[in-house]
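Have the model open in your viewer and keep the sequence beside it.

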Amino acid sequence: MYEKYCLLRDKKGVTDYRVAEETGITKSTFSDWKTGRSKPKFDKLLILAKYFDVPVEYFAEDERG
């Protein structure tokens with residue numbers, strides 16, 4: 001999931017800091033996802049999907065493979 005997030009972030013040309021500021025998801029949350037300490041909850045995925053204008057399933061597809 002984190003890899004897909006990074007692709008969207010880079011495509012949009014924003015930083016984790018900016019995404020955090022604009023979504024209310026903390027930078028430490030992104031760090032936890034990156035290191036595998038935690039997995040994103042549905043509410044956070046929904047926020048990111050709306051922010052990047054993608055369906056929430058975009059992130060879920062990663063979990064099936």
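Predicted model: local features only at pLDDT ≥ 70, side-chain atom pairs only at ≥ 80, totals over all residues.

Residues are numbered from 1 along each chain as its sequence is written, and side-chain values use heavy atoms, with hydrogens and water left out.

Let's begin with the largest nonpolar core, which has 19 residues. A nonpolar core here is a set of buried Ala, Val, Leu, Ile, Met, Phe, Trp, Tyr and Cys residues joined through side-chain atoms within 4.5 Å. Buried means under 20% relative accessible area, exposed means over 50%, and partly exposed is in between (1.4 Å probe, protein chains only). The members that touch the most other members are Y5, V19, F30, L48, F52 and F59. At least two residues of this core come from each of α1 (2–12), α2 (16–23), α3 (27–35) and α4 (42–52), and α4 gives the most, with 5 residues. Those helix labels come from DSSP runs numbered from the N terminus (H or I, at least four residues, for helices; E, at least two, for strands).

Pick out F30 and look around it. Contact means heavy atoms within 4.5 Å. Not counting residues up to four places away in sequence, F30 touches Y2, Y5, D16, V19, A20, I25 and L48.

Now for α1. Which of its residues are buried? They are Y2, K4, Y5, C6, L8 and R9. K11 also sits in helix α1, but K11 is exposed, with a relative accessible area of 77%. Just after α1, G13 takes a positive phi of about 75°.

How do α1 and α4 pack? Their axes come within 11 Å and cross at roughly 30°; axes are lines fitted to C-alpha atoms, for helices over the stretch in contact, with angles running from 0 to 180 degrees between N-to-C directions. That makes α1 roughly parallel to α4, since angles under 35 degrees count as roughly parallel, over 145 as roughly antiparallel, 65 to 115 as roughly perpendicular and the rest as oblique. On the α1 side the contact involves Y5, L8, R9 and K12, and these meet L48, Y51 and F52 in α4. By class, the residues of this contact divide into 5 nonpolar, no polar and 2 charged. The classes run like this: Ala, Val, Leu, Ile, Met, Phe, Trp, Tyr, Cys and Pro are nonpolar, Asp, Glu, Lys and Arg are charged, and the others, Gly among them, are polar.

Next, find D53 in the loop between α4 and α5 (57–64). Its phi is near 55°, a positive value in a residue other than glycine. Most residues other than glycine have a negative phi. At 71% relative accessibility, D53 counts as exposed.

Last, two spots around α3. G24 lies in the loop between α2 and α3 and counts as exposed at 61% relative accessibility. K27 is in helix α3 and counts as partly exposed, at 47% relative accessibility. Leaving aside neighbours within four places in sequence, K27 is in contact with D16, Y17 and A20. K27 and Y17 are 10 residues apart in sequence and 6.4 Å apart in space, C-alpha to C-alpha.
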